[in-house]
Amino acid sequence: MKSTIKYVCKRIALMFFVFFVILTMCFVLVKLLPQRDAQQFGKDMNIILQRREALGYNKPILVQYLIFLKKSVFGGDWGISEVLYLGQDVWGMFVSKLPATMMVNIYSMIFSVPLGILLGIYAALKKNRWQDHVISTAVMIFISVPSFVYALLVQYIFCFKLQLFPLQMNAGSDYFSLSMFLSVVPAVLSLGFGSVAGFTRSVRAELSEVLTSDFMLLARTKGLTRAQATLRHALRNSMVPIFPMILGEFVSILSGSLVIEKIFGVPGVGQLYINSINGLDYNFFMLLSAFYTLIGLTSGIVVDISYGLIDPRIRMGER
């Protein structure tokens, strides 16, 4: 227990160290880029100049960095938008974009996790038969093909040819209406295909190995049917490495998908990130870079720690 706590504390400390290293690199690179002349903002020039003054834009870069850490990272003041939403608070706009991203990712997880696990179980039970070959071939295709290819195919087949869904997500914040749900389905499908294939491959591999273990043969000799042995023993043991994957998916709910959100017009943080890069809105870029970095690092550490919590046989931090 003591070694586990020590290991977790060490991982968290390393996570924050990596987070600040990446954030520092982004900050320095952004400061090397040219800034827009405040006179281009017209009547909003004074507001922009005041905000830049508060963030120390006219001071040495080290002083600017210390002000950035104090006001933005620890104080939550990420400045105002200078391009995308002129004069609007960056943090407030970011929070307003989160619900759309979370909705798409929650629907995608509800779609991909159960389907991927069921297909993986079915493929393992039908190992080396035609059903297994068909599923394995489909998994290889869906893992290899980029998500934006699925998005274009979904748009063409389901939205254009069959006209089952709209091409773009509906505007507004009525996230629980039927029309909003239908407009989100194409993005959910495009985002979920890769996850379904990943879960299917992992479950099939783990369950196939467990089904050939010695304890499964012992369970069958004790009188259990194949179905009983599979449900009581094989599935429980094969799910140990799968649950951390599900936790990783759950943590990634906030992150969204940059490409999918852009293609389907999802007004979430993914599209906001791309727009901030294209529009050179540096304050949005810094906030979203910090956000995506923290989500990625948190997801990794949650998955690592969950192994020890799910399977007591794994002793974390021990040599």
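1. The crossing of helix 4 and helix 5 is left-handed, meaning that the near helix is turned anticlockwise from the far one by less than a right angle. Helices here are DSSP runs (H or I, at least four residues), numbered from the N terminus. The model is a predicted one, in which local features need pLDDT of at least 70 and side-chain atom pairs count only at pLDDT 80 or more, while totals for chains, interfaces and linings use all residues. Residues are numbered from 1 along each chain as its sequence is written, and side-chain values use heavy atoms, with hydrogens and water left out.

2. The axes of helix 4 and helix 5 (residues 130-144) come within 8 Å and cross at roughly 140 degrees. Helix 4 is therefore oblique to helix 5.

3. Leu119, Tyr122 and Ala123 of helix 4 meet Gln131, Asp132 and Ile135 of helix 5, contact being heavy atoms within 4.5 Å.

4. The largest nonpolar core has 26 residues; such a core joins buried (under 20% relative accessible area, 1.4 Å probe, protein chains only) Ala, Val, Leu, Ile, Met, Phe, Trp, Tyr and Cys residues through side-chain atoms within 4.5 Å. Among the elements that give it two or more residues are helix 1 (2-32) and helix 13 (282-310). Helix 13 gives the most, ten residues.

5. Beyond its neighbours within four places in sequence, Met286 is in contact with Leu23, Cys26, Phe27, Val30, Phe68 and Trp78.

Definitions and conventions
Buried means under 20% relative accessible area, exposed over 50%, partly exposed in between (1.4 Å probe, protein chains only). Axes are lines fitted to C-alpha atoms, for helices over the stretch in contact, and angles run from 0 to 180 degrees between N-to-C directions. Angles under 35 degrees count as roughly parallel, over 145 as roughly antiparallel, 65 to 115 as roughly perpendicular and the rest as oblique.
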